[in-house]
Amino acid sequence: MTTPTGSTAVHSRVEGRAKVTGAARYAGEISCPGLAHGWLVVTTIARGRILSVESDPVRAMPGVLAVVHHGNAPRLNGDYTNLLGRPDPTTVVFQHDRVPYAGWPVALVVAETPEQAREAAEALVIRYDMEPHDVAFHAGCPGTAENPPYLHKETAKGDMAAELALSAFVVDAEYTTPEEHPSPLEPHAAMARWEDGRLEIVDSNQGSRWVADEIATMFSVDPASVRVRSEHVGGAFGSKLLRVHQVLAVMGASVVERPVRVVLTRRQMFSLAGYRSPTVQRVRLGADVDGRLRVLDHQAQCLNASVHRFVEQSTEAAQVLYDADAHHTVNRVVPLDVPSTGWMRAPGMAPGSFALESALDELAEMCAVDPIALRARNEPQTGPVSGLPFSSRRLLACFEEGARRFGWARRDPRPGLRREGRWLLGTGTAAAAFPVGVAPSTATVTAQADGTFTVRITASDPGTGARTALTLIAAEALDVPPNRVRVLIADSGYGRAMVAGSSMGTRSWGWAIKTAVGDLRELLARSQDIPPQGITGRADTSTLMGTLAKRERHTYGAQFAEVAVDVTSGEVRVRRMLGIFAAGRIVNPLTARSQFVGGMTWGLSMALHEGAVRDRAFGDLVGADLAGYHIAANADVPLIEADWVDDPDDDDPIGIKGIGEIGNVGAAAAITNAVWHATGVRHRDLPIRPDRVLSAGAVADTENVAPRHPV
């Protein structure tokens, strides 16, 4: 293993024992006296309006306390803008009779027990006036260029037509990715209760302060009177910011004047928790005879709910990885009668890297240049679009180390040659990148008289190991052993802090903690004794954001995969994967490696398995559950190795880059490129199902060939 930048010690999760023994409690398990239960009713039509909610028979059922719908619900404020734009109308529930998509929330039944609430919800009759709907997404759908606040604008430089005419080799191909769903293991759950004019919410989220502020605005209450806690989160992947379940719990508690818990069903999560839009992407590459890019044109299309604007920013990878004389990127969105899309692990970069890195592999084949050598020839000196210098860029170091460990030098570049029995074997590679960001955060660090320290910060640990990483960061800054530090997180009362998202959490929180420790040291230097209440250092990094030099900041990686393709059945099995990353300072090797491997596993699942199917006739999903939506299981996942190279940045006061997303980037492309190397057939549409392999002609004479399993 290479020596990571930063700590080389391996630390198990500080909350690990509580989780494996069941002592840790999640939002759906936490109770309180007088708790009632809400069950959500969603529409079965894809477009139209509600004619009637026949609630009287349901209200007479045993245990039913209330039936809340658009005709009697409290009024909410949905007319505001946050950092990401206007709130998703799905969360501003029961405010009108319109139905914009299948699975839209239409009523909440509150009862004494969850069983009573479910029975009543299933008995509720709702009548609709149906209207024609459109959920069909395909290449050529009319779309518009969209530039919401979080998205890079359309970029263009150089003369595209002229450079294409001068190119010796041209790749012009279309790539598609399907609708994907995050489906974290823990469902979306929230419990809300009012007490003495204050609102408390126990939730499963990625940012308690974000949720508290949104709820306060939506319900028009003083933000200081809202407290949100989310100590343990069983997975999030972008889906657990403000969602409908928190709003429903507060609304239910307001109506029945009792604590109310709402838990979404797995099927409801498929329409209400956000998902990754399908994409259609056109990539045009033009190159000189030696493979140097003259043209890079990446155009991506995604769908969008007709009622909410969100863009899957698939062209961002092209703005980072390679330069060209003529360079163009644009994202276009197609509004349809579908649920709201949203953030999902490695947003934009995951589908975008599949298209771009597949096209690079096709260009390497055309040029007869090794895929790694081709990428080295197109390594930019500054940001291809921004022109800014890179803070650090060790992508080629990742490829060098990965090629050595993977045995890339022994690879015969010709496709379709390696075979074991009925299995064709191939290897592939792809580059990975993900932006590095940081956001203002607050933190406090208290020195206790007994020599221990308590950190309070509204961070979130959705299974990533953030709590452990923050403990190590604080211990290092304090110069004490980690067992003398206690980190308290996920309570909105601790102040504003970055949410767990876009690989910005640990970087933002770590900076705040280090700054608070600096303040604490100054206070301790002026104090002779520590009083019983302790001495507290505080930090707000808002003013520190401007001290960062303007740089292109990214995490990089090189992905490698070996696959075996069964010529009789079309099955693709991944034999091994290797990812080498340049990810700044690695705080805890144990949890860092887990994050890399988890992302790579998701990339495998994206390449071979995942893809939701929407029924055009009814507008909803076919098989909206974990039986119908296929994800990679243990038997599908081979030996996956992940490691990193040193990636120091002397100009960065934090040094942490973030690792939650990068493992997912480029993994699908590496597998797809390996399938081409095994079969000689390109696959530009994910997932690579057996029927697609067979229909593409990747078969061979199997007569007298003894079966042999690839692993």
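**Figure 1. Contacts across the protein chain.** Residues 24 or more positions apart make up 82% of the contacts in the protein chain with a separation of 6 or more; contact means heavy atoms within 4.5 Å. This is a predicted model: local features need pLDDT of at least 70, side-chain atom pairs count only at pLDDT 80 or more, and totals for chains, interfaces and linings use all residues. Residues are numbered from 1 along each chain as its sequence is written, and side-chain values use heavy atoms, with hydrogens and water left out.

**Figure 2. The whole chain.** The protein chain holds 15 helices and 27 strands. Helices (H or I, at least four residues) and strands (E, at least two) are DSSP runs, numbered from the N terminus. The C-alpha trace spans about 75 × 75 × 55 Å along its principal axes. A compact globule of 711 residues would have a radius of gyration near 27 Å; the protein chain has 26 Å, which agrees. That radius is taken over C-alpha atoms, and the globule rule is 2.2 Å times the number of residues to the power 0.38. Of the 711 residues, 61% count as buried. Buried means under 20% relative accessible area, exposed over 50%, and partly exposed in between (1.4 Å probe, protein chains only).

**Figure 3. Helix H14, residues 667-679**. This helix has 13 residues and reaches 19 Å from its first C-alpha to its last. The expected figure is 18 Å at 1.5 Å a residue, counted as 1.5 Å times one less than the number of residues. In H14, 13 of the 13 residues are buried, so the helix is largely enclosed by the rest of the structure.

**Figure 4. Arg377 in helix H9**. Helix H9 covers residues 371-377. Arg377 is partly exposed, at a relative accessible area of 44%. Leaving out residues up to four places away in sequence, Arg377 touches Asp290 and Val369. Leu293 is 84 residues from Arg377 in sequence, yet their C-alpha atoms are 8.7 Å apart.

**Figure 5. Thr341 in a loop**. The loop runs between strand S16 (326-336) and helix H8 (349-367). Thr341 is buried, with a relative accessible area of 4%. Its contacts, not counting residues up to four places away in sequence, are Tyr275, Ser277, Leu303, Asn304, His308 and Phe310.
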